[in-house]
Amino acid sequence: MNKFLKGLAISGLAFSMIAAGTSAAAKSTTATNNQTKGKSKNLIVLIGDGMGPAQISAARYYQQYEKGIQKLNLDPYYVGQATTYADRGEDGGTVVSGIVTDSASAGTAFATGHKTYNAGISVSNEDVSKPFASVIEAAELSGKSTGLVTTARITHATPAVYASHVRSRDNESAIASQYLDSGVDVLFGGGESFFVTKDGKGKRTDKNLLPEFEAKGYKIVKTAKDLKALTSKNAKALGLFGGSHVSYVPDRSAETPSLATMTSKALDILSTNKNGFAIMIEGGRIDHAGHANDLPTLVQEALDFDAAFKVAIEFAKKNGNTSVVVTADHETGGLSLSRDNIYEINIDLWDQQKHSSESLASALNEAVTIDDVKKIVQNNTWITDLTDEEAQYILDGDGSSYKREGGYNVVISKRLLIGWSGHGHSAVDVGVWAYGPIAEKVKGQVDNTQIAFAGAEVLGVDLKKASSELQSKYLYPKFKINRDKEVLYPAQALAKALGVAYKESGSTATLTGKSVVITVDLSAGTAKVGGKAASFTVDVDNGTLYLPLAAFNQATGKTLKWDTLSERIILK
Ligand SMILES: [Zn+2]
């Protein structure tokens, strides 16, 4: 066993060194010079959402034992591992340490190089947050083409961190709207519902965004056939392959493209720009299958991702001026490839489930009797001997929000001899794989922020400059809405962010702006501007002063605006 592992590690290292060497040598002088200088014209980032070490092992074992394929496409490019931890901060009302990250904060780290709180989409961890630019946004500013591809909703956290900025990942309507102004040329994924209004079966309350994307030159496609028909002349394309996430591999119809197909088309389109491109490609549903504890589906999703990697690496090798980096945002499910002290796992059963557990959820919820459950399980799996206890367990649900689907996966996982720590994420490090000049910069044990810095470095784009451009335009404050539907901001934090001096002494707060002084009587809840009674609302909540934008407009002499959809202050 040890000998085998040692041999594998050495051959992997040797392979990636040879691969990097030959590609540089085979290309034109310019390309070779660029490669030796540690630069690449193009950058491909691939993220396996929820793809921890056990997920990779499971996919490889499956290939070995079920398909006779010894290695994943990824395997020869392994260079090390990355941390995943986030900042301490609020997560759904409770403060968490940040050690267990979500996709938003992990994504912010590897897209922008900054840690933030869970749920934050490329904004800082402050009461008044600043936006941080991503590698994709910096590449866009330097004239490169850009793309985002995922099997999750295109408005989901991982793509969102690359081209939008919001305090909460749940604000997917704002994320879709920000894509419209992002300049990102190719957007492929699911999530049509955040682009259309309720009468178009969507979730938006304001307007249908699709005509606006068309007006900006985007060709909109919704099926695998239409995707195929796109040509490299379609410089801008929006592919929406589902109202929510793209269907899981075992549930897909001919209408649904694979991640590899989306990747291939995106590269065709983006590679026509002579200035190069940057793209992020996400296997977004490895995570979802992990959350549900559905191992057979998880393995198929991981292999779908590995197939997309193959498309990317073949492009990079042929192109000769492309860096590829692969990692995960975190592990999901606490997957363990063992259970109950048994030194065995039933890999031969991993391909004996027809459809995902998700596709069974509604049938399971409608089941009334033990026999109903037995029939559903038998129709979808190899199990013809489901016991009454197992069927009853499924009927009772597993006690999580997954209910009967969760119960089903508990039964299946026991029979597969694999385990889960729960339905959430875990804090283990994740693998890093790389090819081209970026490989040197992400090898060994790295922090996940290094993925962003290394990407910007090989492309020669400036993250700091792109961030300061964004920061001159927007602030993302915490806020509250009072009974009169007025938006109020934490005064001290916003004053500081706007460069207005704020002082509190006794029951008086003073905001000193350029030309005006605002004095607030905190106990009376009244304010004076330059000695006269103020016309704006004063709100003191648990000792914290909140003021509306009108107060800050007076203090700064500016016309700050509130963007209700993106929940941000527009500075200019
Ligand atoms: Zn997740």
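Tutor: Buried means under 20% relative accessible area and exposed means over 50%, with partly exposed in between, using a 1.4 Å probe and protein chains only. This is a predicted model, in which local features need pLDDT of at least 70 and side-chain atom pairs count only at pLDDT 80 or more, while totals for chains, interfaces and linings use all residues. Residues are numbered from 1 along each chain as its sequence is written, and side-chain values use heavy atoms, with hydrogens and water left out.

Student: Why is K485 called exposed?
Tutor: The relative accessibility of K485 is 72%, and because exposed means over 50%, K485 counts as exposed. K485 is found in the loop between β17 and β18, and its phi is positive, about 60°, although K485 is not a glycine.

Student: Which other strand pairs with β18?
Tutor: β18 also pairs with strand β25 (residues 544-547), again in the antiparallel sense and over 2 bridges, with Y489 standing opposite L547 in β25.

Student: What makes β5 and β26 edge strands?
Tutor: The open sheet has 4 strands in the order β5-β16-β27-β26, with antiparallel pairing. β5 (128-129) and β26 (561-563) each have a single partner strand, so one side of each is left without a neighbour in the sheet. Elsewhere in this order, strand β16 (residues 474-477) pairs with strand β27 (residues 568-570) over 2 bridges in the antiparallel sense, and Y474 stands opposite I570.

Student: How do you know that β9 pairs with β7 and with β8?
Tutor: The bridge counts decide it: 4 bridges join strand β7 (residues 186-190) to β9 in parallel, and 3 bridges join strand β8 (residues 219-221) to β9, also running parallel.

Student: What makes both faces of strand β9 count as covered?
Tutor: In β9 (residues 237-240), A237 and G239 on one side and L238 and L240 on the other are all buried.

Student: How do you know that G80 is buried?
Tutor: The relative accessibility of G80 is 7%, so G80 falls under the limit of 20% and counts as buried. G80 lies in strand β2 (residues 78-82). Contact means heavy atoms within 4.5 Å, and leaving aside neighbours within four places in sequence, G80 is in contact with V430, G431, V432 and G444. G80 and V430 are 350 residues apart along the chain, yet their C-alpha atoms are separated by 8.6 Å.

Student: Why is A176 called buried?
Tutor: A176 has a relative accessible area of 0%, so it is under the limit and is buried. A176 is found in helix α7 (residues 172-182), and its contacts beyond four places in sequence include T155, F194, R204 and F213. The C-alpha atoms of A176 and F194, 18 residues apart along the chain, are separated by 6.5 Å.

Student: Is K201 buried or exposed?
Tutor: At 78% relative accessibility, K201 is over the limit of 50%, so K201 counts as exposed. K201 lies in the loop between β7 and α8 (210-215), and its phi is near 65°, a positive value in a residue other than glycine.

Student: How do you know that the radius of gyration agrees with a compact globule?
Tutor: The radius of gyration is taken over C-alpha atoms, and the globule rule is 2.2 Å times the number of residues to the power 0.38. With 572 residues, a compact globule would have a radius near 25 Å, and the protein chain has 26 Å, which agrees. Of these 572 residues, 57% count as buried, and the secondary structure comes to 20 helices and 27 strands.

Conventions: Two strands pair if DSSP finds at least two bridges between them.
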